Each structure stands twice: as structure tokens, then as C-alpha cells.
Amino acid sequence: MNSRGMRRTGVAAAVAGLALMVGCSLSPGGQPTTSTATPVGDADPAGGATTEPAPGPSAPVPASPVPGEGPIPVVDSTGTRTAEPVVAPARLELAALGIDMPVTAVDIAPDGQMEIPENALVAGWYRFGPTAGAVSGAVVIAAHAGSYVTPVGPFHDLDEAAAGDPITVTLVDGTAVAYDVESVERLAKDVIDLGPYFDRTGEHRLVLITCGGRWDPERRSYDDNIVLTARIRTG
Amino acid sequence: MRKSAAALGGTLGIAALVLAATPATADSHTASLSVLHGVPDLTVDVYVNGEITLDDFAPGELAGPLELEPGTYTVAITAADAADDGAPVIGPVDLPLEEGRNYTAVAHLDAQGSAPTATLFTNDTSPTAPGEGRLTVRHVAAAPAVDVLAGGEAVISGLANPDEASLDLPAGTVSAAVAAAGTTEPVIGPADVTVAEGVSTVVYAWGSLEAGTLALATQTIEGLHSSPDGVPTGQVQVVEESSSAVLWAGAAAVLALFVGFGVRRAAVTRDR
């Protein structure tokens, strides 16, 4: 370790980020949106009724109540919906830090926090959010910096990652999704707004989370979350 | 050390992302309206404020959501071949839509099946707890009051046309059936209903018991999810000289401001 000054810069950056985060938390994202389900025409209980979006020859062009909007989306709502299959991440590689670990799907723990695999050698993918390579939103993968089972895990160096470091997430079907590290932040757990990191809208990104900062012996936990954000590699 | 300037840039980058992402979401200054056609055997046209808005709208179809300026909209539903809204089969009805709210207007049969009618439901889009989704059941069928059964037990009792009942459930699949109130013999289902996390799943029982056209329709509204309450990734302290020593040195430096010069010297020494 040769430079406390540079380390401080990183902390200062995280603090600056935190201040902005707090500001942004006043305007929570994720307003509800109504999804479309099944395209029209799959099953028509009326038997033969068409759903031509264009107006009939005798009718003038419908004046949409919403200026600038296109045709109103119409879907067949009959029946029930089954879950769309999601291909889960299976493996995470961040070669610059020597990370190459299996990924397992995790849930919400009874206390409302994200479930974290007991073994720090295994990372947990938040299964309610997007998967790697999704069209939008954040795929969140977290691991213990160290656990009872594994005193030192691969994620304990996460704050050493640099912008541009390549990351690969491989899905259970073998699909590899390539990312580049964009940023690493240290955010105090007491005030962190996790909303932006668990966002399901906006440009797709990969979010890796572990713990760092000061060890609080009373809480038996670190004070901070280390949050790495990566973007899909382009070109 | 590999962080510093890059980390700073990246941090500002994500902050900018957050700011940019916020306006991309739905505009809360408008009202959101979906329209469900729940009258069997009747293809219609829907007029809003006298303008044809949905042409040849068929039973079971769900239109929208429309993002509308708040206000009262007059909706008339006519036969599909009507020249205008002068002789509606339903309405005209006034739909008062408030800013920031989410509605579904349903054209459906009344309980006796004697006449088509329309009901404006307000969709509960309040956040769901992490790991949970919302299941809402709406009775818009020509049928007496019903119970909704999940796993053979009534989870909603005595639901009558045009009422709704709602419950937040752990995300998963529910095998649901609809039976006459107080009975367990399904008149609809059982059918698998997915309750997705952070999603409002609205299931409509529509059609007519007498005519044998009872059916389910489903509407989903996304974006109700909450973040986990925390990410507790630090189970034990990682005792490892490289990173933790520097962190401890930083903590010690702060401590030195209060404790005195001797401690600060120790911190500087340890920093090497």
C-alpha cells in the first residue's frame, strides 16, 4: 500500500456520489407502467372479430386523446399469465481482481434484506431483478467480503477495480455477457438509497455489491457497501 | 492503487445516470387509463368525448394504457357498426380521472346479466414489499357473489359484482379457482396465476354463468417493486493486510484529530 492520498480520493468520490444519491432519492424512479401481455390475435373469444388498428373507411382518423401518441395498444387479456422464463447468471469473472466464481439465484431474506450466499466464494444474483444481458435495468449480484464459512472471499477486493476492467457474466444456458467496469463507489449503509441500484428501468447495467469501510464490532458488520457498476461492452 | 480519477469520473457518471433515468419514467402529472372489454359476444366502438377512440374493440381485449390529462372524460360504447355515439349500448358515463392515478375502465355485464354496464376501477400502484407482488381479483361477471380459492382454500370470500379484493403475496405461482360464495366447486379454474415480484396482477372474472361464458382476463401493471432493505454482505471482518490496513490508517487519522499527536504518528507509521 503506497498511497493513502489516492485512497482518500476514492473515498471523496464516493462521498460526492453519495450526496448526489441522497438528492436524487427525493424523486424516486420507477413509476408504475402498465405492461402489454400477449399480442392481439392469439385467441379471439369473439370468433373472427378483427382488431384492425386502422380506422374504417367511413370513419375519420381517430383523434387520439393524447397528442403525439400513436395508435392505442390493444392486447388480448383473456386467460391468465405465466411467468416468462428468465435465464439466470451462473458464473462471474473479473480477471483483474482474480474473481471467477459461481453465481446462484437469491431471494429476499425474512428481514427484508437481500439474501447473500453464506459462502463468500459464491455470489448471489437478485432473482427479482433483470438478468445479465437484459434489455433494461440493473442486474444485481452480491457476495460477502468474508463470511463465517469463507473468511476471505473474492469480492473483498472489489473496491480495487478500475474503470474499463472487463467482466464476463455467463448465464446458465452458456451465453456470455461482456461488461466493462464504469465506477466503484463506497456508500454508507446507514444512508444508502439502494433504489437506483435495483432499478428495473433505464440502460442495462451490472451492479456488484459487497461490504467495506470500517468494521463495526458491535453490529458485527461493515459500515459501507462497495458498489461496482459496469456497462455492456460496446465494440 | 488503481482508483482515484477514474473512480471519481465513474461516480459522477452514475449520478448523472440516475438523474437522467428519472424523467424517463411515467409522467405523474397525467392519469393512466386502461380499458377492458368484458362483455361477451359484443364487438364495440369506444368513444371518448365524442371522438371514436377504439374501433372494433372485441371481448377480452385490453386497451391502453392511455396517459391522459387529469379531468372528466365522457365515454360512450356503441355497437361496432354505429355511425356515431348517438345510440350507445353502454353509457355515456363520466370518468373522473385524477392526476397521478392509474385506472381501468371495464365494460361488463351486471350481476344479473340483464344489461351491460361500465365500472371504473382505481388500480393500487402503491409499492409492494421486496419479494412480493399484488394480486387483485375483480368480479365483473353475470354471476352471484364468489369466493376465490387458492390451494383449495378461500382467500377472498363473498366477492360480488362489481367489487374487487386485493392481497400482497410472496412472488410465485398461485393455483386459483373461483367458486360460488361458500362453496368449493370451481366455476372458473383452477388456473395458474403468476404473481410476479413488484407487479400488480389484476384478474377479472367476466362473462356469464348462465350462458356458460365465464372466463378470466388478466391485466398486469409493473413497476411497483421496492429495493431490498439492505445488502448485508459483511458477515465477518476480513483480516487482510493490504486493504484493511489502509482503511484502519484512515480511521486512525480521523481519531488522531481528537486523541492527539502520538496516535497520528502511529497511523502514519502504519500507513507504510
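This is a predicted model: local features need pLDDT of at least 70, side-chain atom pairs count only at pLDDT 80 or more; totals for chains, interfaces and linings use all residues.
The side chain of Thr104(B) makes a polar contact with the side chain of Asn123(B), at 2.9 Å. A further polar contact, also given as 2.9 Å, links the side chain of Thr104(B) to that of Gln219(B). Is Thr104(B) buried or exposed? Its relative accessibility is 0%, so Thr104(B) counts as buried. Leaving out residues up to four places away in sequence, Thr104(B) touches Ser34(B), Leu36(B), Thr119(B), Leu120(B), Phe121(B), Asn123(B), Arg138(B), Tyr204(B) and Gln219(B).

From the residue I move to its strand. Thr104(B) belongs to β7 of chain B, residues 102–109. Eight of the eight residues of β7(B) are buried, and the strand is therefore largely enclosed by the rest of the structure. Both of its faces are covered. On one side the buried residues are Asn102(B), Thr104(B), Val106(B) and His108(B); on the other they are Tyr103(B), Ala105(B), Ala107(B) and Leu109(B).

Which strands pair with β7(B)? One is β1(B), residues 31–38, which runs parallel to β7(B) over seven bridges. Within that pairing, Leu36(B) has Val106(B) as its bridge partner. The other is β8(B), residues 116–123, which is antiparallel to β7(B) and joined to it by eight bridges. There, Leu109(B) stands opposite Pro116(B). β7(B) and β8(B) form a hairpin with six residues between them, and Gly113(B), in the turn, has a positive phi of about 75 degrees.

Chain B contains an open sheet of four strands in the order β11-β10-β13-β14, with antiparallel pairing. Its edge strands are β11(B), residues 153–159, and β14(B), residues 186–195, each of which pairs on one side only. On average, and ignoring direction, neighbouring strands of this sheet are turned by 20 degrees against each other. Strand β13(B), residues 172–180, is joined to β14(B) by seven antiparallel bridges. In this pair, Gly172(B) stands opposite Val195(B).

For chain B as a whole, there are three helices and 16 strands. Of its 272 residues, 49% are buried. Among contacts with a separation of 6 or more, 58% are between residues 24 or more positions apart. The accessible surface of the chain comes to about 11400 Å², with 55% of it belonging to carbon and sulfur atoms.

I close with the nonpolar cores. Where does the largest one lie? Its residues with the most contacts inside the core are Leu92(A), Ile141(A), Phe155(A), Ile167(A), Leu208(A) and Leu228(A), and the core has 28 residues. Several strands of chain A each supply at least two residues, including β4 (89–94), β5 (99–106) and β10 (205–216). The largest share, four residues, comes from β9(A). Taking Leu92(A) in detail, its contacts beyond four places in sequence include Ile99(A), Met101(A), Val103(A), Ile141(A), Phe155(A), Ile167(A) and Leu208(A), and also Asp100(A) and Thr168(A). Apart from this core lies another, of 24 residues, among them Ile72(A), Ala31(B), Val46(B) and Leu68(B). As general background, nonpolar side chains tend to be buried together in soluble globular proteins.

Technical notes:
Residues are numbered from 1 along each chain as its sequence is written. Chains are lettered from A and ligands numbered from 1 in the order in which they are written. Side-chain values use heavy atoms; hydrogens and water are left out. Buried means under 20% relative accessible area, exposed over 50%, partly exposed in between (1.4 Å probe, protein chains only). A polar contact is a pair of N or O atoms within 3.5 Å; within protein, one must be able to donate a hydrogen and the other to accept it, and residues adjacent in sequence count only if both atoms are side-chain atoms. Contact means heavy atoms within 4.5 Å. Accessible areas come from the Shrake-Rupley method with a 1.4 Å probe; for residues, only the protein chains shown count as cover. Two strands pair if DSSP finds at least two bridges between them. A nonpolar core is a set of buried Ala, Val, Leu, Ile, Met, Phe, Trp, Tyr and Cys residues joined through side-chain atoms within 4.5 Å. Axes are lines fitted to C-alpha atoms, for helices over the stretch in contact, and angles run from 0 to 180 degrees between N-to-C directions.
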